Amino acid sequence: MNLEIGKLGHTEKAPMDLLFKADPSIEMIEKYLYSGECYLAKLNDELVGVFVLMPNNPQEMELKNISIIDKYQGQGIGKEIIKYVMRISKMEGYDYLIVKTADTSADTIKYYEKMKFEHYFVSKGHFLKYYSQPIIENGNQAIDQVAMRRKL
């Protein structure tokens, strides 16, 4: 796979529709786009994915949002992005990569477990506190945020 990953240019607009697939709050997306770095993943010059990185502290880099275009899901792009993120985070001196997801995202949690992420903490009531609209996934309302981390 010839996946090209690069930072979003300062004059480029972030692909909000794709970021919105992974986080249904424009306000939250804008907040971490302001504080973090947005990256684009392309195959043959076609946008296939986007993600945002933001340091939490000197030891932890957080993958704030990762989204792959539907027709490219299941082809290993997410795995390649995570490997890239782990490599650059380690090169920049971070010890851990953090990911967070909804308690209703069972498939996502299993995916991160397969990628050797361990459960770190749960932020009780996160989605009730920070999101004005209920987030329904797999027939259930997201309430808690599950944080997972991997040693780099």
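At 33% relative accessibility, E46 counts as partly exposed, a class lying between buried (under 20% relative accessible area) and exposed (over 50%), with a 1.4 Å probe and protein chains only. The model is a predicted one, in which local features need pLDDT of at least 70 and side-chain atom pairs count only at pLDDT 80 or more, while totals for chains, interfaces and linings use all residues. Residues are numbered from 1 along each chain as its sequence is written, and side-chain values use heavy atoms, with hydrogens and water left out.

E46 forms a salt bridge with K71, and the closest N and O atoms of the two are 3.6 Å apart. This pair links distant parts of the chain, with E46 in strand β3 (residues 46–55) and K71 in the loop between β4 and α3, 25 residues apart. Helices (H or I, at least four residues) and strands (E, at least two) are DSSP runs, numbered from the N terminus. K71 is exposed, with a relative accessible area of 57%. A salt bridge here is a side-chain nitrogen of Lys or Arg within 4 Å of a carboxyl oxygen of Asp or Glu, and by this rule the count comes to seven.

Another of these bridges joins K21 and D70, with 2.5 Å between the closest N and O atoms. K21 belongs to helix α1 (residues 16–22) and D70 to the loop between β4 (60–68) and α3, so the bridge ties together parts that are 49 residues apart in sequence. K21 is partly exposed at 43% relative accessible area, whereas D70, at 55%, is exposed.

Turning to the rings, the structure holds seven aromatic pairs. Rings of Phe, Tyr and Trp (its six-membered ring) pair if their centres lie within 6.5 Å; planes under 30 degrees apart count as stacked, over 60 as edge-to-face and the rest as tilted. Y39 and Y84 form an edge-to-face pair, 6.2 Å centre to centre and with 70° between the planes. Since Y39 lies in strand β2 (residues 37–43) and Y84 in helix α3 (residues 77–91), the pair ties together parts 45 residues apart in sequence. Both tyrosines, Y39 and Y84, are buried. The rings of Y111 and Y112 have centres 5.8 Å apart and planes at 65°, so this pair is edge-to-face too. Y111 is partly exposed at 32% relative accessibility, while Y112 is buried at 7%. Ring pairs also link Y39, F51 and Y84 into a cluster.

A charge sits over a ring if NZ of Lys or CZ of Arg is within 6 Å of the ring centre and within 35 degrees of the ring normal. R149 lies over the face of Y96, 3.9 Å from the ring centre, and the charged end of K151 sits over the ring of Y96 at 5.3 Å from its centre.

Finally, T101 lies in strand β5 (residues 96–102) and counts as buried, at 12% relative accessibility. Leaving aside neighbours within four places in sequence, T101 is in contact (heavy atoms within 4.5 Å) with T108, I109, F127, D144, Q145 and V146.
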